[in-house]
Amino acid sequence: MIGAIVGTLCAVVAHVLGVQQLLRRPELVLYIPAALAGALLGNTRLRPLLLIVGGILALICIAVAYTPLVSALGRPLVRRDSIPARVDAIAVLSAGFTADGMMRRETLERLLSGLTLARRGLAPVLLVSMERSTDRPPVSDSADIQSIISLSGGGTRTILVDSVTTTRTEALRMRAVARANGWQTLAVVTSPLHTRRACATFEAVGLRVVCVPATVRESGMIPGGIAEDRLRDFRSWLYETFATDSYRRRGWIP
């Protein structure tokens with residue numbers, strides 16, 4: 001019983017730190033498998049291993065929540081280019097959507113930042129990527145995206161780039177739109193910790209890029225951030241670290 005409890009608590013802490021999202025299976029929860037593994041280890045000589053793993057996870061969680069660790073780790077992943085007077089188009093990248101077809105917080109932050117640049121006259125066109133589920137009927141955040149764009153007052157041509165699944169597919173689909181319109185330079189707007197990988201991916205498919213981190217309203221990388229913000233940014237850092245390594249191994253970025 002003790003082994004099952006400790007195993008479950010290890011899974012909870014791992015989930016808080018972002019290990020769960022590395023599996024890219026949001027519906028998969030590891031609590032029951034961890035409880036079963038803990039129960040099995042609790043009856044063997046490997047029982048101390050549970051305490052060691054739990055102790056390490058607890059120390060990492062405390063360090064992330066109460067120190068500037070995430071700021072130091074995340075800074076190298078942020079790319080912020082000088083913004084010129086004009087580019088051909090602004091590309092706003094997706095961060096997924098909810099089960100009821102609403103944008104996730106990161107997507108909304110990116111879209112608002114892209115709309116702000118468009119209102120300043122950076123480009124006459126806004127490319128916004130959107131995702132679509134495989135359900136029948138399919139669910140997407142297109143209606144939510146369009147409602148937010150309409151609130152901005154219009155005046156900017158908007159192109160929804162449909163059915164993206166990864167940053168790589170976003171780059172390829174947006175490159176196709178750019179080539180069809182004779183565009184060469186895009187301002188790529190995405191979450192700060194996603195900027196370096198995203199902009200490198202767009203450059204690798206042959207586009208000229210101006211990298212623009214979106215304005216984040218709950219950042220753990222600024223002084224005065226709270227523990228939950230730092231834990232959220234640590235999850236993003238962990239995901240981006242593994243994703244960047246995966247993209248490099250596949251030859252999608254240098």
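**Entry 1: a pair in the sheet**

I looked up Ile90 and found that Ile90 stands opposite Leu126 in E2, and likewise that Ala91 stands opposite Leu127 in E2. I note that this is a predicted model, in which local features need pLDDT of at least 70 and side-chain atom pairs count only at pLDDT 80 or more, while totals for chains, interfaces and linings use all residues. Residues are numbered from 1 along each chain as its sequence is written, and side-chain values use heavy atoms, with hydrogens and water left out.

For the names, I took helices (H or I, at least four residues) and strands (E, at least two) as DSSP runs, numbered from the N terminus. The strands E1 and E2 run parallel and are joined by 3 bridges; two strands pair if DSSP finds at least two bridges between them. I reminded myself that strands of a sheet pair through backbone hydrogen bonds, either parallel or antiparallel.

**Entry 2: buried strands**

Are the residues on the two faces of E1 buried or exposed? I found Ala89 and Ala91 on one side and Ile90 and Val92 on the other, and all are buried, where buried means under 20% relative accessible area, exposed over 50% and partly exposed in between, with a 1.4 Å probe and protein chains only. In E2, Val125, Leu127 and Ser129 point one way and Leu126 and Val128 the other way, all of them buried. Since 5 of the 5 residues of E2 are buried, E2 is largely enclosed by the rest of the structure.

**Entry 3: the whole sheet**

In what order do the strands of the open sheet lie? I read the order E3-E2-E1-E4-E5 for the 5 strands, with parallel pairing. The edge strands, each pairing on one side only, are E3 (157-161) and E5 (208-213). Neighbouring strands are turned by 25 degrees against each other on average, direction ignored; axes are lines fitted to C-alpha atoms, for helices over the stretch in contact, and angles run from 0 to 180 degrees between N-to-C directions.

I then followed E4 (residues 185-190), which runs parallel to E5 and is joined to E5 by 6 bridges, with Leu186 opposite Val209 in E5. Helix H7 (residues 167-181) packs on the sheet, touching E1 (89-92), E2 (125-129) and E3, and the direction of H7 makes about 155 degrees with that of E2; contact means heavy atoms within 4.5 Å. Helix H8 (residues 195-204) also packs on the sheet, touching E4 and E5, and the direction of H8 makes about 165 degrees with that of E5.

I looked up the second largest pocket, in which about 200 Å³ of space lies. Of the 14 residues that line this pocket, the closest to its centre are Gly7, Cys10, Ala11, Ala14 and Ala34. Helices H1 (2-17), H2 (31-41) and H3 (47-66) are the elements that give two or more residues to the lining, and H1 gives the most, with 5 residues. A pocket is an open set of points on a 1 Å grid over the protein atoms alone, where a 1.4 Å probe fits, with protein on both sides within 12 Å along at least five of seven lines, and lining residues have an atom within 4 Å of a point. The volume is the space filled by probe spheres set on the points, which are joined across faces, edges and corners.
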